[in-house]
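These are my notebook entries on a few local features that I looked up. I took loop residues to begin with, then helices.

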Amino acid sequence: MNAKKNPSQGKVEILAVENSPTQAEKLKYFLEREGFRITVAEDGNQALALLGELRPTLVISDIIMPGMNGYELCKRIKSDEINGDIPVILLTSLTSSEDVLEGLACGADNFITKPYSEEYLLSIISRILASGKIRKSERMRIGVEVVIGGKRRFITADQQQMLSLLLSTYEAAVHRNTELIQTQDHLRSLNERLEDIVQERTTQLSKEILERKSAEERERHLNIVLRSIRAVNQLITKEKDIDRLIQECCEVLVTYQGFKHAWIILMDEACKPIRSVEFGIGEPFMRLKELFEKGDIPICVQRALSEPGLIIIEDIATDCSDCPISPFYQGQNPVSTRLEYKGKVYGILAASLPPVYAQEKEEHKLFKEMGGDIAFALYNIEQEEKHVEDERKIFEQEERFRAIFEGVAEGILITETQTMKIKYNNPAMCQMLGYTEDELKHMTVKDIHPPEVLDRVISEFEIYERENKPMFQEHIPCLRKDGTIIYTDIITTPRIIIDGRHHSSTFFLDITEREKAEDDKKKMEAQSLQSQKLEAVGRLTGGIAHDFNNILTTIIGNADIILMGMPKGDPTRRGLEDIRAAGDRAAALTHQLLAFSRKQILQPVIMNLNETVNNMDKMLRRIIGEDIELMTILSPDLGQVEADVGQIEQIIMNLAVNARDALLKGGKLTIETANVDLDEGYARNHIAVTPGPYVMLSVSDTGTGMTREVQEHLFEPFFTTKEKAKGTGLGLSSIYGIVKQSKGNIWVYSEPGKGTTFKVYFPKVEKSIGKEKKDKKPKTLTGSETILIVEDDEMVRNFTVRALKGLGYRILIAADGQEAIRISGDHEGPIHLMLTDVVMPGMNGGELEERLRVFRPDIKTLYMSGYTDNAIVHHGVLDKGKGFLQKPFTPDSLGRKVREILDK
């Protein structure tokens, strides 16, 4: 053995699993000679028992074994937590695609086909031992679906194993191809030798013919033999079809050489006939063939198979009595010889010779050599068929590896490590980057990454080149041909040799969609959290506003009553007027809180936003000042919306004032309207949005803009970036509530120094704008009708009673619904109007009205409340025909609303 021994081989323990004692001893002798320590197990079960004791460095196992085969043993080793990292080499004479895939599936590290050279096995062992030192403990496993023989198989393996097995199979194919080339050279040499033999024999026979001129008959026979030899040799050099070859050989023997008849039977290793031909016999030969198939082999064939040389049957009557073709041997001697080449017996050649030639040794020699030539021809055909079959298998392997390479979903690049030039790529890589295969072959690794990550990519690539270890890189940007960026996870395997140069194999997994989905998920979670927070704050502020409205009703109402009876010169009047003004300011704040909490009463109509913007144009210009340019871009075919005109005006006003405050040094304020369709994609990225047609109102400015942190709190009540006393922090929160209560959505887009855009979307409605009906103002506020007041808040109740009594009405008082029903039942006269709070303990205002109408169907009802309630209001919209008075109210607004309801 010329291989140089590794000094560390003495420390390597190899477990060899081989049930053949001969093969086991041969393997042990060879490996011990190379300096390894060898332990032999006879089967898989014994090997598993020895694993715990030996903890070998490497396992070499045959596949075909009794009990547990090599595939199962490999699976058991690889699935073991302790021994799973031990490399396994499988040795076998099996070469089908299924066998290779089975080896891959069971986790084998290499697959070597018998027979193999000792140098080849040693190189595989050395490479596996070397690669085992640098293999990572955690390996990425990949899946490949392969279709072989009509069956689908899903193979799962780690990247290192996949590459190693692919390389080992490729090397085996190269090794086999080398053997085929050597075989072709040997065949060529044999053909040349055959031509030399033919020439030599031709010369020899010609010489003998010249020397034996006296024996004319012998000369004629030798010429016949010569012609038959030439004919047979021409056949064996040209004919590649076995059936035609043996048939024509029989015809030559009878036609040219003077045999009465001839036949050939080719057999398998079990002496079963696989091909048979004859010439000069006919139907009886079929009976001979039947005997072969039954196992009744004639004596001449038995002797030819067991004895070398030419077999001549001299006593036909005795030896051939049971042979169906014995009548054809009358006056002839049956001769037979086995067709053998390189120790393999292909079958039997038999013929009948005239007795005069049957005893000539030269005749014997020629006949036996003719049998050898036919066997040689059969060997050549067999080798050529094997060569074709091997080429087919190599082609199938290449096609299979190509299918794997081209069929995997991950992008694959094979690059030269020194120059980073791309050598090969699969279709998935082309699709991932948008380049053609030819374009990528003219590029390097530097061309597929954006400039900002090149230093990182090159640095890690240099480390990989230096250490030759598997490399895993996460979240690496890649630059597509169209300039867009995708993000990938990258795995680079240890170096491989292609055309004598080092190359790397890199797998790219596109995680762009996953990254986008995670970002969208975080965005939607943030929007959901913000929406939930605003909902919670809204419920809190709604309850607070309700209580404040009751208090403010008492403060403002009583202040008005006192002021109405107080002389203008009274010194206390100024303080009372301040109380009244403070009440108004508090009422405005409460109104904004109700707007944010979506508890205010809306009176929606079919309207066009363009008309509202145009009607507010002069007022807006006056408010924002001359140093700010106001531009309106209104869609001429704008759709209709259903909303409260006053609330829409408040939205436009608040957004315009905010824009003015952001335009510190002047600038541009743009109000735009448009029809838009919000699709499924938009809805997925914006919580609470229903896809469909909308009307957009956009208010943009070129002001200071906002940071993302400010935008996160923008719609929260009392959040403001303005100086103290310059803002309540309720403007945008009230806009948010109005929009949401109107079934719309609002979004803000802003960057520091680049201005701000608010976009409000209202559902588009297919309705026409109706004519606005203006309520007639009552001529007088006084009256004498009977009014039932139902209010659970004592202070509000007392103020309401005082105000209406002052206007001349007769008053019945109840603190809740049950008391109101009792008072109504006890009162004998008419009750013209019930003035009731909406939200009360026990029974709300709506239920009370239904109960009273049973026995007072003509009673009119006026509701009063500090916020909405489903008793008379649904989704913030007052039920049609309901009278409603918003708290806080003044004696004057109370008197006007009461008179309006009574006069209807």
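I looked up Lys 342 and found that it counts as exposed, at 54% relative accessibility; buried means under 20% relative accessible area, exposed over 50%, and partly exposed in between, with a 1.4 Å probe and protein chains only. Lys 342 lies in the loop between S11 and S12. I take helices (H or I, at least four residues) and strands (E, at least two) as DSSP runs, numbered from the N terminus. I noted a phi near 50 degrees for Lys 342, a positive value in a residue other than glycine. Most residues other than glycine have a negative phi.

I record that this is a predicted model, in which local features need pLDDT of at least 70, side-chain atom pairs count only at pLDDT 80 or more, and totals for chains, interfaces and linings use all residues. Residues are numbered from 1 along each chain as its sequence is written, and side-chain values use heavy atoms, with hydrogens and water left out.

I then turned to Arg 55, where phi is also positive, near 50 degrees, in a residue other than glycine. Arg 55 sits in the loop between helix H2 (44-54) and strand S3 (58-62). I list Arg 55 as partly exposed, with a relative accessible area of 38%.

Contact means heavy atoms within 4.5 Å.

I looked up Thr 612 in helix H19 (residues 609-615). Thr 612 is buried, with a relative accessible area of 5%. Leaving aside neighbours within four places in sequence, I found Thr 612 in contact with Met 607, Ile 648, Glu 649 and Ile 652. The C-alpha atoms of Thr 612 and Val 645 are separated by 7.6 Å, although the two are 33 residues apart along the chain.

Last, I examined a helix pair. The axes of H26 (residues 817-826) and H27 (residues 845-855) come within 10 Å and cross at roughly 15 degrees; axes are lines fitted to C-alpha atoms, for helices over the stretch in contact, and angles run from 0 to 180 degrees between N-to-C directions. H26 and H27 are therefore roughly parallel to each other (angles under 35 degrees count as such). The contact is made by Gly 817, Ala 820, Ile 821 and Ser 824 of H26 and by Leu 848, Arg 851, Leu 852 and Phe 855 of H27.

Note on methods: Parallel < 35°, antiparallel > 145°, perpendicular 65-115°, else oblique.
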